[in-house]
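Subject: Structure handover

Hello,

Here is the structure I promised to pass on. Please have a look at it first, then read my notes below.

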Amino acid sequence: MRYLPHTDDEIREMLEVVGNRDLDELFAGVPEGCRRKEALRLPGPLTEWELNEHMAALAREPAVSPDYQVYLGAGSYEHHIPESVSYLLGRSEFSTSYTPYQPEVSQGTLQAIYEYQSLMCRLLGMEVANASLYDGASALAEAVLMAIRITGKGTVALSNAINPSYRQVVRTYLSPTGYAVKELPYLQDGRTDMTSVQGVTDLAAVVLQSPNFFGCVEELQQGAQAAHSEGALFVTAFSEPLAYGLFKNPGGQDADIVCGEGQSFGMPRSFGGPGLGILAGRMAHVRNLPGRLVGLTKDLDGKRGFVLTLATREQHIRREKATSNICTNNSLCALNAAMYLASVGGTGLRELALLNRDKCEYLKRELTAAGFPVTFSGPTFNEFVCELPSAVHRRLLQKKIVAGLPLGRYYPELEGHSLICVTEVRTRAQMDTLIKELRS
Amino acid sequence: MKELSELVFPNDRKYSQEHEWAKLEGDKVVVGISDFAQDRLGSVVFVEMPQVGAKFSKGDECGTLESTKAVSEIFIPVSGEVVAVNTELEQSPGLVNEDPYSAGWIVEVKPENPAEFDGLLNRDQYVEMLQGME
């Protein structure tokens, strides 16, 4: 299909039909300050080889692996992607197909989603997972809305140790609704102060992220007790699902709704996207779960088949009363995660999680010994906060080391502290180089 | 879908414009949906009912009926407090289709204002309304 902008003749013809003299008159309803007065000043055309060089120069600008040693996590993680995943995902049967609108003829697509849902349920210890959402932040916003629908209450308590971007998305979703957000402070060990939940009225949900934004593993069981004793649901979020290859899953600690980001499972970081929104719950609440859901059934001949099920929750049937009107199934990313988990396997996932934890513990120990103490005493997985003055941070950048995320921008009280991430791809030699640079 | 003449509308109760029926039993009002409503809705697969003790005003949404092709709200025909819900429907939502006027009842309400019940449509008025819709 060719894309050509409207010609002057076409524009004149259309203006005549709607009865406007010129474009200025047509756009009179758009506020003055939102209108561009002069034409766009775009650079002239390039040859194909000039364009290639231009793009390559742009690509060289950011500090990314492998030219840089990157200790950035904070919701997007550098993990090894097995070659089998890249190969399989690139097959056109997968990469070109869209969520089916005549679903039952696409048994392969439905089975893939079903496998993904089953893997998520096993990983998180939950009873039902949907076919996926956009990303971790929107999954959290949907989880919060789901809790509000189920309980009929209007206040949600969010831990201050939840990823700040996730909290911002929740606030955006809730801003036109009139529902209230209460933030729960974090303690000196980097975990959430659950006593602050007591006595909050009209509480629909208590939300913790674990591992939280500081990398600290929260006491989920205590969180569940605190939520349930106030008559609220317990929602847990995550940005690093690999942690559940090692730690006790949220389902086993009485979480009612579990949500988070699945980028770690085989998706490249690509400037922060695309992500994978994971959302899982209990069967008792399934009618309040947003998004697509694939079920397993038998056809008239008794043969196994997959179907889209409980579709009456969804916007094409329930319209304005649907469980969500801002959701889609991120099918290719969900398939990506399913392929990744199948490639790594149950034992492999545990080994990989251990490797992340052990390497991270190594760097924590070495940093502390080098005079850069770890800020919080709470147990961590593959991320932690340590004291690292911004001048040191800038100096390391010159040496092609991105020493984590400075936290002052998100938490003013943590100015001079950085969030450091160590995954399986960081080598001991690299970490020793970092320490050497810090000591110099 | 059946013709109007094939549908049944008992004379021992009142009807609302939203196709609920309301039947006086002692000082309580039992509520369900009419034969017309269940026929147009198709096979009911799930009934979402209110909590016992919940209070509603006439016309409030007090639950939902989910069929294989649609979801419809249940509007309470009289103001009052829910004193019982038909828990049988949790396991057998199809009772709403099979026996809409008896085993398929949905909620029992303690009415606040008896005049509201008297103001509902009687059988003939309801059938007349349905004929007007056809």
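How many bridges join strand S3 of chain A to strand S5 of chain A, and do the two run parallel or antiparallel? There are 4 bridges, and the strands run parallel. S3 covers residues 155-159 and S5 covers residues 203-209 of chain A. One pair to look up is Ala157(A), whose bridge partner in S5(A) is Val206(A).

Before going further, please keep in mind that this is a predicted model. It scores ipTM 0.73 and pTM 0.87. For chain B, the mean pLDDT is 94. There, 99% of the residues reach 70 or more.

S3 and S5 belong to an open sheet of 7 strands in chain A. The order is S2-S8-S7-S6-S5-S3-S4, and the pairing is mixed. Strand S2 (128-129) and strand S4 (180-184) of chain A are the edge strands. Each of these pairs on one side only.

Helix H9 of chain A, residues 220-229, lies across S5 and S6 of chain A. H9 runs at about 145° to S6(A).

Then turn to S8(A). Is this strand mostly covered or mostly open? Mostly covered: 5 of its 5 residues are buried. Side chains in a regular strand alternate between the two faces of the sheet. In S8(A), both faces are covered. Gly277(A), Leu279(A) and Gly281(A) are buried on one side. Ile278(A) and Ala280(A) are buried on the other.

What does S8(A) pair with? S2(A) is joined to S8(A) by 2 bridges, and these strands run antiparallel. S7(A) also pairs with S8(A) in the antiparallel sense, over 4 bridges.

Last, the contact between the chains. Chain B gives 4 residues and chain A gives 4 residues. On the side of chain B that touches chain A, 3 residues are nonpolar, none is polar and 1 is charged.

Best wishes

Definitions and conventions. Residues numbered from 1 in each chain as written. Chains lettered and ligands numbered in written order. Predicted model: local features only at pLDDT ≥ 70, side-chain atom pairs only at ≥ 80, totals over all residues. Contact = placed C-beta atoms within 7 Å. Nonpolar A, V, L, I, M, F, W, Y, C, P; charged D, E, K, R; others polar. pLDDT = per-residue confidence, 0-100. Pairing = 2+ DSSP bridges. Axes fitted to C-alpha atoms, helices over the stretch in contact; angles between N-to-C directions. Buried ≥ 20, exposed ≤ 12 C-beta atoms within 10 Å, placed from the backbone.
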